[in-house]
Each structure stands twice: as structure tokens, then as C-alpha cells.
Amino acid sequence: MRGEKKEINIRIGKRLKEARESNGFTQEKLAEVLNVGVEHYRKVESGMYGLQLEKMLLLYEKYKIDPTYLITGNRKKFFDLEEYLANCSREERNKLIERILDYMKKMLIEPQ
């Protein structure tokens with residue numbers, strides 16, 4: 001069984017690669033964040049190894065990569081910005097604005 005690719009690992013690996021690339025991360029960066037070697041990380045993306053739940057949680061906490069998406073492929077359907085802003089605290093609103101500005105800077109510096 002060792003060395004065989006499981007279908008679920010292949011799907012998670014593909015989604016992880018997609019999330020990594022859309023966020024502009026290298027395999028080396030995510031390997032470092034997950035505290036695994038680069039070769040191990042490559043095998044996760046290829047589906048050779050599975051991604052531990054603790055590692056999925058770490059990706060969510062650090063980069064908001066949704067574990068539900070990694071496992072099922074289902075994305076959140078809709079985010080109502082007006083509703084969120086109307087119901088969040090000033091601190092949450094400021095954090096959102098900071099994240100948007102950081103994202104915009106990143107997109108200007110590293111155009112896709």
C-alpha cells in the first residue's frame with residue numbers, strides 16, 4: 001500500500017497546489033510553514049502522501065486556505081461584503097481593509 005496514490009490524496013494535492021499558486025507561494029514556502037521537507041511537500045501535492053488534519057488547520061489559521069475546499073472541492077458560494085461590514089466590529093473591519101490592501105500590494109508587485 002505504501003507508495004500508492006489514494007484518490008482523495010490526489011484531489012487534495014491538486015487543490016492544495018491550486019491554492020498555493022493562486023496565493024503566489026512556492027513549494028518551499030509552504031513546506032517551511034508546514035514544517036516538512038520540500039520533497040515531502042511535493043509528494044503531498046502529487047498525492048503520494050496525505051495531508052494531515054493538523055497541517056490543514058495550520059494552513060487555514062495562517063493563510064485562510066479552507067480545509068473544506070481541500071477535502072471536498074466545495075467553495076463557499078457567496079460572501080456578502082455589505083452584510084459582513086454591517087455586522088462586524090471596527091477591529092474586524094480594519095483587519096479586512098488591511099488584508100485587502102496587502103493583497104492589492106502583492107498583486108501590483110507580483111502580477112499574475
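Axes are lines fitted to C-alpha atoms, for helices over the stretch in contact, and angles run from 0 to 180 degrees between N-to-C directions. Helices (H or I, at least four residues) are DSSP runs, numbered from the N terminus. The views below show a predicted model, in which local features need pLDDT of at least 70 and side-chain atom pairs count only at pLDDT 80 or more, whereas totals for chains, interfaces and linings use all residues. Residues are numbered from 1 along each chain as its sequence is written, and side-chain values use heavy atoms, with hydrogens and water left out.

**View 1. Packing of helix 2 against helix 4.**
The axes of helix 2 and helix 4 lie 10 Å apart, at an angle of about 110°. The two helices are therefore roughly perpendicular to each other (angles under 35 degrees count as roughly parallel, over 145 as roughly antiparallel, 65 to 115 as roughly perpendicular and the rest as oblique). Helix 2 contributes Lys29, Leu30, Val33 and Leu34, which meet Lys55, Leu58, Leu59, Lys62 and Tyr63 of helix 4; contact means heavy atoms within 4.5 Å. By class, this contact has six nonpolar, no polar and three charged residues. Ala, Val, Leu, Ile, Met, Phe, Trp, Tyr, Cys and Pro count as nonpolar, Asp, Glu, Lys and Arg as charged, and the others, Gly among them, as polar.

**View 2. Packing of helix 2 against helix 3.**
The axes of helix 2 and helix 3 cross at roughly 105° and come within 9 Å. Helix 2 and helix 3 are therefore roughly perpendicular to each other. On the helix 2 side, Gln27, Glu28, Leu30, Ala31 and Leu34 take part, and they meet Val38, Tyr41, Arg42 and Glu45 of helix 3. The residues of this contact divide into five nonpolar, one polar and three charged.

**View 3. Crossing of helix 1 and helix 3.**
Helix 1 (residues 7–22) and helix 3 (residues 38–46) cross at roughly 115°, and their axes come within 6 Å. Helix 1 and helix 3 are therefore roughly perpendicular to each other. Helix 1 makes the contact through Asn9, Ile10, Gly13, Lys14, Leu16, Lys17 and Arg20, and helix 3 through Tyr41, Val44, Glu45 and Ser46. Four of the contact residues are nonpolar, three are polar and four are charged. His40 is also placed in helix 3; with a relative accessibility of 33%, His40 counts as partly exposed (buried means under 20% relative accessible area, exposed over 50%, partly exposed in between, with a 1.4 Å probe and protein chains only). The C-alpha atoms of His40 and Leu16 are separated by 14 Å, and the two residues are 24 apart along the chain.

**View 4. Helix 1 and its buried residues.**
Helix 1 has 16 residues and reaches 23 Å from its first C-alpha to its last, close to the 22 Å expected at 1.5 Å a residue; the expected span is 1.5 Å times one less than the number of residues. Asn9, Ile12, Gly13, Arg15, Leu16, Ala19 and Arg20 are the buried residues of helix 1. These buried residues pack against helix 2 (27–34), helix 3, helix 4 (53–63) and helix 5 (67–72). Asn9 counts as buried at 15% relative accessibility. Leaving aside residues up to four places away in sequence, Asn9 touches Val44, Gly47, Tyr49 and Gly50. Helix 1 is followed by Gly24, whose phi is positive, near 75°.

**View 5. The aromatic pair of Phe25 and Tyr63.**
Rings of Phe, Tyr and Trp (its six-membered ring) pair if their centres lie within 6.5 Å; planes under 30 degrees apart count as stacked, over 60 as edge-to-face and the rest as tilted. By this rule the count comes to one aromatic pair. The rings of Phe25 and Tyr63 have centres 4.5 Å apart and planes at 50°, so the pair is tilted. The pair links distant parts of the chain, 38 residues apart: Phe25 lies in the loop between helix 1 and helix 2, and Tyr63 lies in helix 4. Both Phe25 and Tyr63 are buried.

Asn35 lies in the loop between helix 2 and helix 3. Although Asn35 is not a glycine, its phi is positive, about 60°. Asn35 is exposed, with a relative accessible area of 67%. Lys64 is found in the loop between helix 4 and helix 5. Lys64, a residue other than glycine, has a positive phi near 60°, and at 44% relative accessibility Lys64 counts as partly exposed.
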